[in-house]
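Reader: I would like to learn how to read the features of a model such as this one, taking each idea in general before its particular case. Could we go through it together?

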Amino acid sequence: MTASNPDRLDRIESTLETVLETIQKLDADLRSTNEQVKKWDGRLWGLTLALISTAWAGIIGATAVVITRSLAGG
């Protein structure tokens with residue numbers, strides 16, 4: 001082994017450590033993003049159900065008004 005080989009191995013090891021750190025950071029970021037998406041997914045479903053409920057309440061209310069006016073002769 002020449003004197004340059006240990007230096008080269010040290011540089012390779014350092015590079016691999018940097019790559020590992022980067023991968024670990026990306027993994028943590030990805031997991032965090034997945035948790036945020038799960039939270040938003042639940043919130044969007046709640047919003048969707050609320051909008052559907054509001055639409056049905058409007059339809060039922062409008063139907064009641066039409067029926068009431070029809071029965072009242074107006």
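Reader: Where is Trp 56 found?

Author: Helices (H or I, at least four residues) and strands (E, at least two) are DSSP runs, numbered from the N terminus. Trp 56 belongs to helix H1, in a model that is predicted, where local features need pLDDT of at least 70, side-chain atom pairs count only at pLDDT 80 or more, and totals for chains, interfaces and linings use all residues. Residues are numbered from 1 along each chain as its sequence is written, and side-chain values use heavy atoms, with hydrogens and water left out.

Reader: Is Trp 56 buried or exposed?

Author: Buried means under 20% relative accessible area, exposed over 50%, and partly exposed in between (1.4 Å probe, protein chains only). Trp 56 has 52% relative accessibility and therefore counts as exposed.

Reader: Which residues form a nonpolar patch on the surface?

Author: A patch is made of residues with over 30% relative accessible area and no salt bridge, like charges being joined within 9 Å and nonpolar side chains (Val, Leu, Ile, Met, Phe, Trp, Tyr) within 5 Å; accessible areas come from the Shrake-Rupley method with a 1.4 Å probe, and for residues only the protein chains shown count as cover. Here Leu 49, Ile 52, Trp 56, Ile 59 and Ile 60 make up such a patch, with about 530 Å² of accessible area together.

Reader: How many salt bridges does the rule count?

Author: A salt bridge is a side-chain nitrogen of Lys or Arg within 4 Å of a carboxyl oxygen of Asp or Glu, and the count comes to two. In one of them Asp 27 meets Arg 31 at 3.0 Å, N to O; because the two are four residues apart in helix H1 (residues 4-72), about one helical turn separates them. Asp 27 is partly exposed at 35% relative accessibility, while Arg 31 is exposed at 56%. Lys 38 and Glu 35 also meet in a salt bridge, at 3.7 Å, N to O, and they are three residues apart in helix H1, so that about one helical turn lies between them.
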